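Colleague: I am new to this structure, and I would like to learn how to read its features one at a time. Could you take me through them, giving the general idea before the case at hand?

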Amino acid sequence: MAAQFQKKVEIFETEEEVAVRLGQYTADLSAKFVRERGAFTVVLSGGTLIDTLRKLAEPPYKNIVEWGKWHVFWVDERVVKKTHPDSNYKLAFDGFLSKVPIPPGQIYAINDALPAEGAAEDYQARLKHLVQRNVIATSKVTGFPRFDLMLLGMGPCGHLASLFPAHPLCKEKTKWVTYIKDSPKPPPQRITFTFPVINSAAHNAMVVTGDDLADAVQIALGNSVPPFTLPAQLLAAEEEVTWFLDQTAASKL
Ligand SMILES: O=C1O[C@H](COP(=O)(O)O)[C@@H](O)[C@H](O)[C@H]1O
């Protein structure tokens, strides 16, 4: 059973303003969780999110964030080598992680030597180990891992992570990490967190910029009632879901 959570929508004139706000928001949550529990567990997605995170790797945040307390995970990953242009790890490393001093042992990439099913099982087992060590907290509400912050993006079809519209993976109830071999968006083989894990995060930030996303934003944030059609409509959190939009993405609200 999901907890009651706050849903906020912040709309900015430009993508640059979204990037500025996202830097401040993430740095504030980092300070809060480091103060409260001595660590900050952050989950990244791929896509445009990584570029919008750019302000965090610049002063003042580059110098004041306690990077040594960060533990970094991926909400989804493509089953390709870490050096492949489709790799979400490579995207994040090149655009963000290589610019900030997070200890390499606290960056948890998927095992790129394994096929999809094995990579999902391996990632889930590593998460369970980190939950046992209390590096990742546990939700008292759902019993699933409770990451401090997930930084998410949405595709024009309304998918988040590698959870696509009408795909049975959206209904997974027990696994923490699963795999897909028929992703409608290439590459076809991926691993992904499931909704029970995503929605057990303390904070979920959905970062959406660009006019190609306006239709999906309209549906996701409209007043539609179940049955849901877009995965993004299912997004919840234990404390707060915040949508960060630029004016073009918000143009149909
Ligand atoms: O395939 C993916 O797409 C989504 C959205 O990406 P965007 O380029 O439309 O921002 C992304 O969040 C996910 O991590 C990625 O694997």
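Modeller: Let us begin with overall size, and keep in mind throughout that this is a predicted model. A chain of 253 residues would, as a compact globule, have a radius of gyration near 18 Å, and because the chain here has 17 Å, the value agrees with that expectation. Along its principal axes, the C-alpha trace spans about 45 × 40 × 40 Å.

Colleague: How much of the chain is buried, and what does its accessible surface come to?

Modeller: Of the 253 residues, 55% count as buried. The accessible surface comes to about 11100 Å², and 54% of that area belongs to carbon and sulfur atoms.

Colleague: How far apart are the mean positions of the positive and negative charges?

Modeller: The chain carries 27 positive and 28 negative charges, and their mean positions are 6 Å apart.

Colleague: I would also like to understand aromatic rings; what describes a pair of them?

Modeller: A pair of aromatic rings is described by the distance between the centres and the angle between the planes. In this chain the count comes to 12 aromatic pairs. One of them joins Trp-67 and Trp-70, whose rings lie 4.7 Å centre to centre with 50° between the planes, a tilted arrangement.

Colleague: Why do Trp-67 and Trp-70 count as buried?

Modeller: Buried means under 20% relative accessible area, and Trp-67 therefore qualifies with 3%, while Trp-70 qualifies with 1%. Trp-70 also forms a tilted pair with Phe-96, at 6.2 Å centre to centre and with 55° between the planes. This second pair links distant parts of the chain, since Trp-70 belongs to strand 3 (residues 70-74) and Phe-96 to the loop between helix 4 (88-95) and helix 5 (116-132), 26 residues apart. Phe-96 is likewise buried, because its relative accessibility is 1%.

Colleague: Which residues do the ring pairs link into a cluster?

Modeller: The cluster consists of Phe-33, Phe-40, Trp-67, Trp-70 and Phe-96, linked by ring pairs.

Notes. Residues numbered from 1 in each chain as written. Predicted model: local features only at pLDDT ≥ 70, side-chain atom pairs only at ≥ 80, totals over all residues. Heavy atoms only, no water. Rg over C-alpha atoms; globule rule 2.2 N^0.38 Å. Buried < 20%, exposed > 50% of the residue type's maximum accessible area, 1.4 Å probe, protein only. Areas by Shrake-Rupley, 256 points an atom, 1.4 Å probe, with all protein chains shown as cover. Lys, Arg positive; Asp, Glu negative; His and termini not counted. Charge placed at Lys NZ, Arg CZ, Asp CG, Glu CD. Phe/Tyr/Trp six-rings, centres within 6.5 Å; stacked < 30°, edge-to-face > 60°. Helix = DSSP H or I, 4+ residues; strand = E, 2+ residues; numbered from the N terminus.
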